[in-house]
Amino acid sequence: MGDAVHPRPAVISRADLPALVDAIRAQGYALLGPTVRDGTIQLGELGALEDLPIGWGDEQSPGSYRLHRRGHARLFGWAVGPGSWKQMLFPSRERMWSADRTDDGFVIRTDDTDAAQAARKVAFFGVRPCELAAIAVQDRVFVHGAVPDRSYSARRERALVVAVDCGEPSGTCFCVSMGTGPSTGPGYDLALTELDDERGHRFLARGGTDIGAQLVRGVPHRDADARDHAAADAVIASATARMGRQLDTTDLPALLERTLESPRWDDVAQRCLTCANCTLVCPTCFCSDWVEVADLSGDHVERWRRWASCFTLAFSTVHGGTVRASARSRYRQWLTHKLGTWWDQFGTSGCVGCGRCITWCPVGIDLTEEVRALRELDRPGAAP
Amino acid sequence: MQSRDQPRGELCVPSPYRVVDRTVETADTVTLAIAPVDSLARAWEPGQFNMLWMPAVGEVPISISGGVGGGATGGDRGGDGTVLLHTIRAVGAVTRALCALEPGQTLGVRGPYGRGWDLDAASGRDVVIVGGGLGLAPLRPVVHETLRGRDRYGRLAFLAGARTPEDLLYMSELGQWRARTDLQTEVTVDAVPGREWRGDVGVVTTLLPRIPFDPGRVVALVCGPEVMMRFVAAELLRQGVAPGDIQVSLERTMQCAVGSCGHCQLGSSFICRDGPVVTWERVGAAMGVRER
């Protein structure tokens, strides 16, 4: 991805959007994007644009997610589904290497692993701004860390990112608080804003890289005019005004560091089921188990990496016991890492404000509410 | 061996090592001497660890306890072709399998990983080395290292503790060290249920008053059960030792060893990458919070 500036946004009509998809495919990319499955909007292979959640909206609140038909035919009239692009770059299960026993030890194979599959060029079509921010967070973990992760890096290099500004935030969204949306930040190849007004159903398209700009040039388009930009600004302004949640991030790492013994942790522990849903739907959670998988003879062995969760007992178990045995300590670990110590480790917050952990928590725990309560109890003179 | 030509850092692939010697330390602990089968051992520092792999069983982080032969810097500071020593207590499936290995058998090794003891910080200062139980394992090479560069340090003391006399590691070396005049070695046990013991009885902190050191110019290197390290650190702090001059080696679940899998986090630290040796200045606050 180059850093060239592409100052001339274009407008692509809805009718011409299939040409953009064709152009992406013509570059050798497999198309991945959102589609309606099992009553949710999930990410997967896209056949045609018609596979997108056309006309669907999502209603989200703590512990609740429902799709409903909107009275229009917009492609992106919804916020985020349970799955994130994390699953494409950092798969939930991945074979890292395998080994076969020999007369004198073992031979390791690294060429038949899932990392080889990473050679596939994929286009992420319909990446929300918060998700683009989440990818940047995981880049800091897997690409810019002391030891770059080979399979993540290979997938990331081959991924084309087509982002779409968010026009319909859900009841659990708070990207404005986290500075990640609803307009698309840096890091995209191509960014779209869906416009649907008296001038027609169309997309304002901005190339972020040479390849993104080339894609736009290759499909029927016209230069964007002032009214297109005004319409796009209105979409962003409207979405900004309709955030379902907000999180006061003022001095958040310091707040969390001095409230480690707050009674609020006992309160949330009474509700938290330690089910790990929040970590699985989180687009930035990166913890993993490295698992030994052997056949019955023990002659063939595979090393798998699987998503792990700090909400499980086994996560912190060493010989002699578990470091974080209580639900209180496990919820605290997750929240203080996500919003606090992540800054020390990676120079950024681990939260992008997508709201998934709130929506998909079976008991509707809302981290924005937990932080509010911690802050309130931390106030001088506050009664515990 | 295919993996030799691969960039192994990213893939974290083990290399085959062969057991060349096996020493029974206690009823449940052995020291394995291992050598690479077809590659060169990588240089290591006292306090670092390797991931030891038993195919079809699993992989565990184990401190490097020393080396034999090879290398310009000699036995206990790595170098090419060095035989590595690992002291392993049989507490789970993988460590039981490792402890059962006999000379000639193979295992997988990747590493070394982590940050070891900061001996540069100890230069020109008194050095107090405090070990409890299996905590002697990562301290053994630092005792050797400080003795090798003896004139770089002030007073040098090694305090060793174990649950019982039968649980003491490196008995013959402890005897040799006790006989030295340039190292003060004190040994204590928590209890004496079995054989005769004419030495000290009591937790390792009870030995601290016997050690003359200048709190303003001492570096303490501590490894043992977490509760023991807390008490030792508390006592040292009470005597005026700065938190930054207390180094501890911590144990946490480690699966990747490169700061990626997330299991070993303690506050902001990835113990596998930022440790296992960390200063009390870095982790003292986190260590003071239950279940952090």
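Tutor: Strand 3 and strand 7 of chain B run antiparallel and are joined by four bridges. Keep in mind that this is a predicted model.

Student: Which residue of strand 7 of chain B is the bridge partner of B:Phe49?

Tutor: That is B:Tyr113.

Student: And how many bridges join strand 3 of chain B to strand 4 of chain B?

Tutor: Six, and that pair also runs antiparallel. Within it, B:Trp53 stands opposite B:Glu59 of strand 4 of chain B.

Student: What sits between strand 3 and strand 4 of chain B in that hairpin?

Tutor: Three residues separate the strands, and B:Ala56 takes a positive phi near 75° in this hairpin.

Student: Is strand 3 of chain B buried or exposed?

Tutor: Buried. Six of its six residues are, so strand 3 of chain B is largely enclosed by the rest of the structure.

Student: Which residues point which way from strand 3 of chain B?

Tutor: B:Phe49, B:Met51 and B:Trp53 go one way, while B:Asn50, B:Leu52 and B:Met54 go the other, and all are buried. In a regular strand, side chains alternate between the two faces of the sheet.

Student: Zoom out. What domains is chain B divided into?

Tutor: Domain 1 covers 2-113 and domain 2 covers 120-287. Their C-alpha centres lie 22 Å apart. In terms of contact, 20 residues of domain 1 of chain B meet 19 residues of domain 2 of chain B.

Student: Which elements of domain 1 of chain B give two or more residues to the side that touches domain 2 of chain B?

Tutor: Strand 1 (15-26), strand 3 (49-54), strand 4, strand 6 (83-89) and strand 7 of chain B. By class, that side of domain 1 of chain B has eight nonpolar, eight polar and four charged residues.

Student: Now the chain interface. How many residues of chain B are in contact with chain A?

Tutor: 36 residues of chain B, against 42 residues of chain A. Helix 1 (8-11), strand 4 (58-63) and strand 7 (106-113) of chain B each supply at least two residues of the chain B side. Helix 1 of chain B gives the largest share, three residues. The chain B side divides into 13 nonpolar, 17 polar and six charged residues.

Student: Switch to chain A. How many helices and strands?

Tutor: Chain A has 13 helices and 16 strands. Its radius of gyration is 22 Å, close to the 21 Å that the globule rule gives for 384 residues, so chain A is as compact as a globular protein of that length. Of those 384 residues, 48% count as buried.

Student: Which residues are buried in helix 9 of chain A?

Tutor: In helix 9 (residues 263-271), A:Arg264, A:Trp265 and A:Val268 are buried. They cover an arc of only 100° around the axis, which puts them on the same side of helix 9 of chain A. The face turned away from that buried side carries the exposed residues A:Pro263, A:Asp266 and A:Gln270.

Student: What covers the buried residues of helix 9 of chain A?

Tutor: The cover includes helix 11 (327-346) and helix 13 (367-378) of chain A. A:Arg328 is found in helix 11 of chain A. Outside its sequence neighbours up to four places away, A:Arg328 touches A:Trp265, A:Asp266 and A:Ala269.

Student: How far apart are A:Arg328 and A:Ala269?

Tutor: 59 residues in sequence, but 4.7 Å in space, C-alpha to C-alpha.

Student: Why is A:Arg328 called partly exposed?

Tutor: A:Arg328 has 19 other C-beta atoms within 10 Å, and buried takes 20 or more.

Technical notes. Residues are numbered from 1 along each chain as its sequence is written. Chains are lettered from A and ligands numbered from 1 in the order in which they are written. This is a predicted model: local features need pLDDT of at least 70, side-chain atom pairs count only at pLDDT 80 or more; totals for chains, interfaces and linings use all residues. Two residues are in contact if their C-beta atoms, placed from the backbone, lie within 7 Å. Ala, Val, Leu, Ile, Met, Phe, Trp, Tyr, Cys and Pro count as nonpolar, Asp, Glu, Lys and Arg as charged, and the others, Gly among them, as polar. A residue is buried if 20 or more other C-beta atoms lie within 10 Å of its own, exposed if 12 or fewer, and partly exposed in between; C-beta atoms are placed from the backbone. The arc is that of the directions from the helix axis to the C-beta atoms. The radius of gyration is taken over C-alpha atoms; the globule rule is 2.2 Å times the number of residues to the power 0.38. Domain bounds come from an automatic or database domain assignment. Two strands pair if DSSP finds at least two bridges between them.
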